[in-house]
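Okay, everyone, thanks for coming. Let me put the structure up, and then I'll walk you through it.

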Amino acid sequence: MTLLRTQNLSAFYGDFQALFDIDVSVEQGETVAIIGANGAGKTTFLRAVAGAIESAPEMVLFDGQPIGDKTPHEIVRLGIAMVPEGRRLFPSLSVEENLQLGTHSERAGPWNLKRVYELFPRLFDLRHLPAPALSGGQQQMAAVGRALMSNPRLLLCDELSLGLAPVIIRDIYECLGAISAEGTTVVLVEQDINRALDASVRFSCFQEGRLALCAPTENFDRAAITAAYFGL
Amino acid sequence: MNWINILIQGGLLGGFYALFAIGLSMSFGIMRLVNIAHGDLIVLAAYVALVVTENTGLDPFLSLIIVVPLMFVLGYALQRGLLNFTLSGGLLPPLLVTFGISIIIQNGLLQAFGAYDHRLQEGAIETASMQLPGGLSVGLYPLLVFAVAVLAIAGLQLLFYRTRLGRAFRAVSDDADTAELMGIDNRKLFALALGIAMVFTAIAGALFGVRTIFSPSAGPIRLILAFEAVIIGGLGNMWGTLIGGVALGLAQALGAAVNPTWQILAGHLAFLVILIIRPSGLFPRTRD
């Protein structure tokens, strides 16, 4: 079943067009990667799906329902959660309060504080600290946990690996497997191609706001990705 | 002993200024709204209390049972129906719109009540005082106002740090865009915030109307006092606002002790001095 589908999705920042006619579909339960160079439109795509950038209603379909014109908080309530680029934890809230903020979507499901602490045991000991006191990796875990607290059907992850040590990135991607095992559909935006392809079943490569390549990750042709990535 | 008396009077006066400032501090802290109409809303609340007391026979304190919900609804509607639309275009649109609201309130009150001075009558407590050892005498009413200010701020701190709504307020204050991405309806939350701010504005208005005479043009000076208390204390810090109010009250009392015409001036000068020494206030908390 198709959970997310964009058709002719275009997005603008003022007069500047950042996305051109993007058609992407994501099946229920799968993990899909979106790769591309800086400025290719990956983050814009996620923000358009999450409602932070408005588009025409039919351009974004979630579970068959047009959501392109909905506001971000309405979309969270429908079951799309975002782990924003750079974590964006709330600095004056403790770690636990950051996690609890995810419950404002008022969605029922498998995720609660206890489950998030089981997934990221290190956060439990740090739960009363203010968010800025955490290391980058711990903050990323808290940001993922905060998104999970809204019990999403679709989890959008923007640059999970940004600025983190390789060993931490590996830990976080392992947890992503556990999240996916709950039946959550995941869309990963990454610049780290290998990491993204290892974790996903299909990928889309963006280039200058257009979809350059869409393929299964199994037996992918590296030369084809390079060509799509750099527009060669 | 005379000086101790002066310091006590000044400190208690600070409770008043803090009460004026709570609503202003909330709307700036949560939605970065600089509400120029804040002083006029205090005066409006005093007039609403006047109408209620005259028509129901309730005394001004009891009239709050009616005034508080009315002002809450007014705040909610004002934010939802008007001010929310000004918040995406930078600092200037809300300034201009609330400046306009200020003028509308002043002239509306002038039209309805005339330019006369009014007062709310609360009875014996207005002039009652308490004798302390050493020849000190403390007015019960200023003491009551100070206690109300402390309780109001303590209550708000509980709301901010112990409730789900308060958590949402703090998150929106940190980063409104991300809060929206986490499922918070900012527009509704902002409306609630101004509604709650107006609860404190209503209390401030009624207590103000009992303490002193008021007229439709009394708002702007309350606004300035409230601003000074907020800025001396540091943006986003409610206890700081109380301390800011006390600092202002003390400066005024000391100024008046030297020469009665210096009272207001001394307060403003103290504000300027603090602004020069610590531009972000004594205990700043809010990030911009």
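Let's start with strand 3 of chain A, which is joined to strand 9 (residues 202-207) by five bridges, the two running parallel. If you want a spot to look for, Ile34(A) has Ser204(A) as its bridge partner in strand 9. One thing to keep in mind as you look: this is a predicted model.

Strand 3 of chain A also has a link to strand 8 (residues 185-190), again parallel and again through five bridges. There, Ile35(A) is partnered with Glu190(A).

So how buried is strand 3 of chain A? It covers residues 31-36, and six of the six are buried, so the strand is largely enclosed by the rest of the structure. Remember that in a regular strand, side chains alternate between the two faces of the sheet. Here, Thr31(A), Ala33(A) and Ile35(A) point one way, while Val32(A), Ile34(A) and Gly36(A) point the other, and all are buried.

Okay, on to another sheet. This one is open, with four strands of chain A in the order 2-1-4-5, and the pairing is antiparallel. Strand 2 (16-27) and strand 5 (65-66) are at the edges with a single partner strand each, so one side of each has no neighbour in the sheet. Further in, strand 1 (residues 2-13) and strand 4 (residues 60-62) of chain A are joined by three bridges. One pair to find there is Arg5(A) with Leu61(A), its bridge partner in strand 4. Then there's helix 1 (residues 42-50) of chain A, which packs on this sheet and touches strand 1, strand 2 and strand 4. The direction of helix 1 makes about 70 degrees with that of strand 2.

Next up, helix 6 of chain A, residues 136-148. From first C-alpha to last it reaches 18 Å, close to the 18 Å expected. It's mostly covered, with 11 of its 13 residues buried, including Met141(A), Val144(A) and Leu148(A). What does the covering? Among the elements involved are helix 3 (95-101), strand 7 (154-158) and helix 7 (166-181) of chain A.

Let's zoom out to finish. Chain A has nine helices and 10 strands. Its radius of gyration is 17 Å, close to the 17 Å that the globule rule gives for 232 residues, so chain A is as compact as a globular protein of that length. The C-alpha trace spans about 50 × 35 × 35 Å along its principal axes, and 47% of the residues of chain A count as buried.

How values were computed. Residues are numbered from 1 along each chain as its sequence is written. Chains are lettered from A and ligands numbered from 1 in the order in which they are written. This is a predicted model: local features need pLDDT of at least 70, side-chain atom pairs count only at pLDDT 80 or more; totals for chains, interfaces and linings use all residues. The expected span of a helix is 1.5 Å times one less than its number of residues. A residue is buried if 20 or more other C-beta atoms lie within 10 Å of its own, exposed if 12 or fewer, and partly exposed in between; C-beta atoms are placed from the backbone. Two residues are in contact if their C-beta atoms, placed from the backbone, lie within 7 Å. Two strands pair if DSSP finds at least two bridges between them. Axes are lines fitted to C-alpha atoms, for helices over the stretch in contact, and angles run from 0 to 180 degrees between N-to-C directions. The radius of gyration is taken over C-alpha atoms; the globule rule is 2.2 Å times the number of residues to the power 0.38.
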